[in-house]
2 protein chains.
Amino acid sequence: MSDLTRRARELDSADELADKRKEFVLDEVVYLDGNSLGALPVAVPGRLEDVVRRQWGELRIRSWDESGWWTAPERIGDRIAPLVGAGPGQIVVGDSTSVNVLKAVVGAVRLAGEDRDEIVVDATTFPTDGYIAESAARLTGRTLRPVTPAEVPAALSDRTAAVLLNHVDYRTGRLHDLPALTAVVHAAGAIAVWDLCHSAGALPVGLDEHGVDLAVGCTYKYLNGGPGSPAYLYVRRDHQDRFDSPLPGWNSHAEPFGMRPSYEPAPGALRGRVGTPDILSMFALEAALEVWEGVSVDTVRAKSLALTDFFLECVAAYVPDGTVESLTPLAHEQRGSQIALRCDGADDVMRRLIERGVVGDFRRPDVLRFGFTPLYVGFEDVERAARVLGEVLDS
Amino acid sequence: MSDLTRRARELDSADELADKRKEFVLDEVVYLDGNSLGALPVAVPGRLEDVVRRQWGELRIRSWDESGWWTAPERIGDRIAPLVGAGPGQIVVGDSTSVNVLKAVVGAVRLAGEDRDEIVVDATTFPTDGYIAESAARLTGRTLRPVTPAEVPAALSDRTAAVLLNHVDYRTGRLHDLPALTAVVHAAGAIAVWDLCHSAGALPVGLDEHGVDLAVGCTYKYLNGGPGSPAYLYVRRDHQDRFDSPLPGWNSHAEPFGMRPSYEPAPGALRGRVGTPDILSMFALEAALEVWEGVSVDTVRAKSLALTDFFLECVAAYVPDGTVESLTPLAHEQRGSQIALRCDGADDVMRRLIERGVVGDFRRPDVLRFGFTPLYVGFEDVERAARVLGEVLDS
């Protein structure tokens, strides 16, 4: 047994999250793509069957009350809240991340007031955030200013209305400094909007602690909600009564069943709701979130860093010199829960890895992306992934 | 046996859609609320279990290709198309109705051009359409002009950019004249947007035939897609290359996996997509749509009118004089697939009906609303519903 294999076993034995793996449906594959689609939690199929057969099939419309359908967006939002450092009553679940980006950016511009005419956006962002921010700028008569995260402080001025940033870069896995960037945005009198897609469920976010104004995130990566499960919107408590959504659907009305011709927004986080919630996807998510019972995000973060450290160590040991280069920073405070390796012929390399039971994904033009979900990835998985990568690159 | 009971049996025996009832999970209740939430199709639970356990649980991300997840919005759109008289390639499924109303109304204003500054909206509409139309007006710098459907022709002018109308009124069940209203909107040089929530699956719509520009609809009423199942957007073929969405998410990009910083819209109906589709809800809908195999919408419409005619006849026979008054027009060409009865104490009356196994719904302030889904409601159901209503109002 090699030294790395022995170390992997020891690390797995000492892993206080090791038992969590049993709460997911997994097989012999090393699944390092949970940052694209989280694995299926064991609790989901049974829950969904009950929702379909009994709640929909037997109770039908009575379920809007009796099965808690109507209140699902805010109830599930409160379930996500502790994972991102938010107190209750500030998150609602529903719609896609893109739709929530529109709500958040337009809402942020309106919070910032009439005299601020620029929206700053991370130019390296996952593209949809940039496209939607551009649409938000056009719809509100503002100018969009794309800059790299490092350029954000210098780009801010009394013209800045809102700044849309990613907590973790989807491609490189770089973790941005949310507390510091939020503070400089606030110092400029602007509104900070954070996209948490690649951080929520993998590391502490601290929305309340750091005074983040608005945030959005998906639930199908580290939160394991299922393919296309609904996203969420956080509106800081003290902004809620001025939050002015571009999507004032009937679900966000103060009296939704009043069927009134004029719109009057509900108090609180409910204001982020729009139309009828998609109950099947939402209840699958709710069941998926039960795996977090008794789990501390700090423990998850510690294991995530140990996993990515160990992966880099194994890659250094197994992979031929000069064949890969990590795009993900070595410094812990700049690292998300993924490792992105630049590699010639990455597309083909990933195909061969997958054939050999190691699943990551390829991002153009030349990136191998490996996501580490601490709830179900172990150290032996990590060692095996690096070993197979070494074999593929050796051949 | 009374004459009406005998007639009901005869009508059921002659009903060529009678066998369709077996394709739904139903019990001894008379379910006349399919215009709020359609009953569960038998095919759905098994399909959803496969999507969850095999496609998500075993194939995981491979399902985006191998299980047809990625192409679901346009594939399911094409499945809805014949039900609303649309050729293929013009409908995409996804997001809520409210979100699609924003896409359609902003898109319509942009199609109409800079020099048209008014949006006309049905003042009696389901409220969310009015709220979202108001938001669309604000976001595009237009003025919102709410008028009753009867006032639409007189309200149109060369200032009119877009007109948002309901095919069937959610409260009264009145069917509006889509061909004639679309024609007057076009004569004024404006864009016609129709909300089909209460007509699709219950009667012919004829989107292509009547030259409708844009349309939206939900799928959880007469299309039985399940609670909060995704809505759809129709963009007429010859408008597609100029359709300019306020929600240009990455799913509508010409090259979604190119991850390009600048947005370039996809050709065709795909332009109506936004973010990652909610696969669970979407595949439940796809299974639900299979009940339409071999069903003609004209047959459905004929049965719908026969059901509502017979219901009105039974109500006249069983219900004490002067206790109810139909808000739904008697003329077939003005009637959707529901009957709305004005009734003192309607809230309490509906509660007692439901206790006695007749499920409709109450709409404020004084309306009993009964929806007739021709695929699973029979004439004996109708007779029983009217009889129980008579007993409740007699007591």
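**Salt bridges and their surroundings**

A: With a relative accessible area of 37%, Asp348(A) is partly exposed. This model is predicted, and in it Asp348(A) is joined to Arg351(A) by a salt bridge whose closest N and O atoms are 3.5 Å apart. Arg351(A) is likewise partly exposed, at 46% relative accessibility.

Glu49(A) and Arg53(A) meet through their side chains in a salt bridge, at 2.8 Å from N to O, and both belong to helix α2 (residues 43-59) of chain A, where a spacing of four residues amounts to about one turn. Glu49(A) counts as partly exposed because its relative accessibility is 31%, and Arg53(A), with a relative accessible area of 40%, is partly exposed too.

In chain B, Lys22(B) pairs with Asp19(B) in a salt bridge with 3.1 Å between the closest N and O atoms; here Lys22(B) and Asp19(B) are both exposed. In chain A, salt bridges also link Asp117(A), Glu118(A), Arg145(A) and Arg159(A) into a network. Over all chains, a search of the whole structure finds 66 salt bridges.

Six salt bridges are found across the interface of chain B and chain A. Arg138(B), for instance, forms a salt bridge with Asp244(A), and the closest N and O atoms of that pair are 2.5 Å apart. On the side of chain B that touches chain A, at least two residues come from each of α2 (43-59), α5 (97-112), α6 (127-140) and α9 (279-289) of chain B. The helix that gives the most to this side is α2(B), with eight residues. Sorted by class, the side of chain B that touches chain A holds 41 nonpolar, 19 polar and 14 charged residues. Between chain B and chain A, 23 residue pairs are counted in polar contact.

The size of an interface is often expressed as the accessible area lost when the parts come together. Between chain B and chain A the buried area is about 6,100 Å², with carbon and sulfur atoms giving 65% of it. Trp56(B), Arg60(B) and Tyr131(B) account for 14% of the area that chain B buries against chain A, more than any other three residues. The contact itself takes 74 residues from chain B and 74 residues from chain A.

Arg62(B) sits in the loop between α2 and α3 (63-66) of chain B, and it counts as partly exposed because its relative accessibility is 44%. Lys221(A), in contrast, counts as buried, at 11% relative accessibility. Lys221(A) is placed in the loop between β7 (214-217) and β8 (232-235) of chain A, and an unreviewed UniProt entry lists Lys221(A) under "modified residue: N6-(pyridoxal phosphate)lysine". Leaving aside residues up to four places away in sequence, Lys221(A) touches Gly34(A), Asn35(A), Ser36(A), Gly38(A), Cys197(A) and His198(A). Of these neighbours, Asn35(A) places its backbone oxygen 3.1 Å from a polar atom of the Lys221(A) side chain.

Conventions. Residues numbered from 1 in each chain as written. Chains lettered and ligands numbered in written order. Predicted model: local features only at pLDDT ≥ 70, side-chain atom pairs only at ≥ 80, totals over all residues. Heavy atoms only, no water. UniProt positions renumbered as here; feature names shortened; annotations may be inferred. Buried < 20%, exposed > 50% of the residue type's maximum accessible area, 1.4 Å probe, protein only. Contact = heavy atoms within 4.5 Å. Polar contact = N/O pair within 3.5 Å; in protein donor to acceptor, adjacent residues only side chain to side chain. Buried area = accessible area lost by both parts, 1.4 Å probe. Salt bridge = Lys/Arg side-chain N within 4 Å of Asp/Glu carboxyl O. Nonpolar A, V, L, I, M, F, W, Y, C, P; charged D, E, K, R; others polar.
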